[in-house]
There are 4 protein chains.
Amino acid sequence: MPISKPLMLSTSVDIRVRYAETDAMGVVYHANYLTWFEIARIALLDKAGLSYRELDDQGFLLPVLEANLKYIAPARFDDVVSVTATMNELPRVRIRIDYEIVCAGKVINRGHTLHAFMDRQARAIKPPPVVTERLAAAFAQWERTNLGE
Amino acid sequence: MPISKPLMLSTSVDIRVRYAETDAMGVVYHANYLTWFEIARIALLDKAGLSYRELDDQGFLLPVLEANLKYIAPARFDDVVSVTATMNELPRVRIRIDYEIVCAGKVINRGHTLHAFMDRQARAIKPPPVVTERLAAAFAQWERTNLGE
Amino acid sequence: MPISKPLMLSTSVDIRVRYAETDAMGVVYHANYLTWFEIARIALLDKAGLSYRELDDQGFLLPVLEANLKYIAPARFDDVVSVTATMNELPRVRIRIDYEIVCAGKVINRGHTLHAFMDRQARAIKPPPVVTERLAAAFAQWERTNLGE
Amino acid sequence: MPISKPLMLSTSVDIRVRYAETDAMGVVYHANYLTWFEIARIALLDKAGLSYRELDDQGFLLPVLEANLKYIAPARFDDVVSVTATMNELPRVRIRIDYEIVCAGKVINRGHTLHAFMDRQARAIKPPPVVTERLAAAFAQWERTNLGE
């Protein structure tokens, strides 16, 4: 039944592992997964018509408040990983994004990040109207596509 | 009563923020906190007489299984942050380490990581005897110093 | 006159600037250009039918002996830069690769790196036959295409 | 004869190699040497009474115009390297700094960088008076100490 299905806005990006991202264990250094999460997060905002760069230029920053990662399997140099970022609920003040990284058909990492908007003086602010409007529109679009009869 | 007090092995390292660690927000890029956690984790093992490099050379790897971070306040270029790593329980198979980062007398980040030993073939293995022995000795030493009458 | 034209093997890759690659100046941190050079260098070897990963797996390492960079203009978060790597001469023992980075139609960086093959024991070795053969074939192909009557 | 001896302002910093700085070759990733150069460069300015952070806060940026590196031998995780930055001539518009990295008594890297001052609008500017004055004073002090009879 549709209603039980969570609302969601989701997108995936493919990333080819750089040599610079490996460490002496011969696998991707664990901190780089946060960078990959961010790349997918920015693609997710793009998909909703929100340019992270424009927000940044307008002084709307979206710092990370929390990050959680589960490392399931390693990735190696030259692997192509698919990073999926998903927003499962329309954000109010805080924005939660979930991530899944797949390599060679296998989930190798899962995590989520929590964010809040901030101005250049590092003061917490409400999401700018353009953000709430575009995200609401993107979710409505998703509903029409997936839940509409 | 001492028994209620957790066992613990703890150490702190001071890190001066590098320009390379900042981002366009003018603060430390969030992924770098995982690198700082690792620096303190390695210092913690050193304190217990365990050289991460020797373990690595012997083929005992200690990959990260989980990482959790709470970003409380930013750090800036040239700040000196103090990163404390603490082991609150004698590890069996999995090793949990807690972290706290202080800058200018203020806690700016808290987190923890979960680890398990692995061999060069990426197979999970039990902690090598040298690790369990030295950690047990370090904890016993801590008890004598802090809980003994 | 063709003969005066240098032999060359060349390829370009587009890279979208990551937030992680910026620094507190608001532009790409200067060390990251070496990482971009490497991405283009690996694409250049791919083009010649040489998988850097396979070479690496076979124990043939291609460390950097020298690197030179001229920073002409900055790149910013979310810019798409085109990095071109060129081999102007068929390598004997040492391999020289030249780079040019273009952003918004403007050259923002030029540089070159010098390499030599090394085995896993860090001993200098001659380029493996597969490398010399494939590069010779790629250059011959280029000659036929560009210098042939 | 003193006059033939170059003027120089020099300082060294010890850096313990981080696991994050290694790559799948098991050695320090080549781009990180530029970060180490910067750490020594900032220490050199500190020694002359110039806080890079204050200059940055005042809108005086010192971007890299050129970088040259010669990789002589690798460094490994947990090695302690000593990075020496030297200014051999009192800078006019451009500032050249030379670097030498020593590990276990052996020079493993040599390089230099070229810089010019820039304002926040990315316009080239002359070195701020405080810079020229403090560097002149530091060089004079060096002369008195090393060349004076």
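Is Cys103(C) buried or exposed? I begin there, and the answer is that Cys103(C) is buried, because its relative accessible area is 10%, and the cut-off for that word is under 20%. In chain B, Cys103(B) is likewise buried, with a relative accessible area of 11%. As for disulfides, the structure holds zero of them over all chains.

Let me say at once that what we are looking at is a predicted model. The scores for the model are an ipTM of 0.92 and a pTM of 0.94, and for chain A the mean pLDDT is 92, with 94% of the residues of that chain reaching 70 or more.

What does the side chain of Asp119(C) join in a polar contact of 2.9 Å? The partner is the side chain of Arg123(C). A polar atom of the Asp119(C) side chain also lies 2.8 Å from the backbone nitrogen of Gln121(C). If we leave aside residues up to four places away in sequence, the residues that Asp119(C) touches are Gly59(C), Leu61(C) and Ile125(C).

Next, helix 1 of chain B, which covers residues 32-47. With 16 residues at 1.5 Å a residue, this helix should span 22 Å, and the end C-alpha atoms are 23 Å apart, so the two values agree. How many of the 16 residues of this helix are buried? The count is 13, which means that helix 1 of chain B is largely enclosed by the rest of the structure. After the helix comes Gly49(B), which has a positive phi, near 80°.

Finally, I come to the pairing of chain D with chain A, where eight residues of chain D are in contact with eight residues of chain A. The size of an interface is often given as the accessible area lost when the parts come together. Between chain D and chain A the buried area is about 760 Å², and carbon and sulfur atoms give 67% of that area. On the chain D side, Tyr19(D), Ala24(D) and Tyr29(D) supply 58% of the area that chain D buries against chain A, which is more than any other three residues supply.

How values were computed. Residues are numbered from 1 along each chain as its sequence is written. Chains are lettered from A and ligands numbered from 1 in the order in which they are written. Side-chain values use heavy atoms; hydrogens and water are left out. A polar contact is a pair of N or O atoms within 3.5 Å; within protein, one must be able to donate a hydrogen and the other to accept it, and residues adjacent in sequence count only if both atoms are side-chain atoms. Contact means heavy atoms within 4.5 Å. A disulfide is a pair of cysteine sulfur atoms within 2.5 Å. Buried means under 20% relative accessible area, exposed over 50%, partly exposed in between (1.4 Å probe, protein chains only). pLDDT is the predictor's confidence in each residue, from 0 to 100. Helices (H or I, at least four residues) and strands (E, at least two) are DSSP runs, numbered from the N terminus. The expected span of a helix is 1.5 Å times one less than its number of residues. Buried area is the accessible area (1.4 Å probe) that two parts lose on being put together, summed over both.
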